[in-house]
Amino acid sequence: PFAEVEQLLCESLTHADLRGTRVVLRQGSPMFVTDLMRVATADARAVIVLSDTSAGDADSCDAKVLRTVLSLRGLPETLRGFIIAELQDVDNRQIVQLIGGDQIEVVVSHDICGRLMLMAARHPGLAVVYDHIFGFKGNEFYLKTWPSLAGRSWGEVCAMFPDAVPIGLNRQG
């Protein structure tokens with residue numbers, strides 16, 4: 001599988017597509033602290049824990065994610081980034097969030113897809129909006145911290161980006 005992932009990435013992504021992002025591939029078990037240390041997990045900006053659907057039912061898949069999150073939290077070095085964990089069953093969300101603390105974002109993929117489909121069915125045209133927002137063509141979203149914007153008014157912020165549209169404001173700091 002490792003060689004297949006490497007080949008798929010090389011065939012699918014150009015240098016321009018990565019936009020300066022460095023992708024590092026390693027193999028090992030995410031449930032072993034020694035393997036996580038070998039790949040410098042503590043230094044990563046984000047660690048994405050995908051659900052292994054080959055593990056069987058939803059609870060078995062989520063148990064593997066939970067063990068991986070436990071291993072990440074058990075690293076000798078404190079994680080500098082965040083953990084994004086995919087679960088299959090919304091009932092397991094609370095325990096994974098409890099273990100992950102404030103460094104984790106839990107995504108229940110089936111729940112999200114179901115909600116989006118239901119909303120799109122109730123409101124015709126919403127699917128087109130989702131396609132524009134989440135699609136990979138046309139306009140894009142970029143998240144970035146801009147310390148130079150601190151203390152400026154919303155009008156000043158908008159004027160500083162002639163080729164972009166700011167969409168958020170952080171009032172906490």
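Colleague: Let's start with the largest nonpolar core: how many residues does it have, and which have the most contacts inside it?

Modeller: The general idea first: in soluble globular proteins, nonpolar side chains tend to be buried together. In this predicted model, the largest such core has 16 residues. Those with the most contacts inside it are V49, V69, L72, I83, A85, V96 and I104.

Colleague: Which elements each supply at least two residues of this core?

Modeller: That would be β1, α4, β2 and β3, with β3 covering 104–108.

Colleague: Take I104, then. Which residues is I104 in contact with, leaving aside neighbours within four places in sequence?

Modeller: With those neighbours set aside, I104 touches V69, I83, A85, V96 and Q97.

Colleague: OK, on to charges. How should I read a salt bridge, and how many are there?

Modeller: Side chains of opposite charge can pair when their charged atoms come close. The cut-off to keep in mind is 4 Å between a side-chain nitrogen of Lys or Arg and a carboxyl oxygen of Asp or Glu. Going by that, the count here is three salt bridges.

Colleague: Where does the R38 and D35 pair sit, and how many residues apart are they?

Modeller: R38 and D35 both belong to helix α3, residues 33–38, and because they are three residues apart there, about one helical turn separates them. In their salt bridge, the closest N and O atoms are 2.6 Å apart.

Colleague: Are R38 and D35 buried or exposed?

Modeller: One of each. R38 has 58% relative accessibility, so R38 counts as exposed. D35 has a relative accessible area of 15%, so D35 is buried.

Colleague: What about R80: which residue does R80 form a salt bridge with?

Modeller: The partner is D43, and the closest N and O atoms are 2.6 Å apart. This pair links distant parts of the chain, 37 residues apart. R80 lies in the loop between α4 (58–73) and β2 (82–87), while D43 lies in the loop between α3 and β1 (46–49). As for accessibility, R80 is exposed at 63%, whereas D43 is partly exposed at 43%.

Colleague: And K64: where are K64 and its partner D52?

Modeller: The side chains of K64 and D52 meet in a salt bridge at 2.9 Å, N to O. Here too the pair links distant parts of the chain: K64 is in helix α4 and D52 is in the loop between β1 and α4, 12 residues apart.

Colleague: How accessible are K64 and D52?

Modeller: K64 is partly exposed, with 27% relative accessibility. D52 is also partly exposed, at 28%.

Technical notes. Residues are numbered from 1 along each chain as its sequence is written. This is a predicted model: local features need pLDDT of at least 70, side-chain atom pairs count only at pLDDT 80 or more; totals for chains, interfaces and linings use all residues. Side-chain values use heavy atoms; hydrogens and water are left out. Helices (H or I, at least four residues) and strands (E, at least two) are DSSP runs, numbered from the N terminus. Buried means under 20% relative accessible area, exposed over 50%, partly exposed in between (1.4 Å probe, protein chains only). A nonpolar core is a set of buried Ala, Val, Leu, Ile, Met, Phe, Trp, Tyr and Cys residues joined through side-chain atoms within 4.5 Å. Contact means heavy atoms within 4.5 Å.
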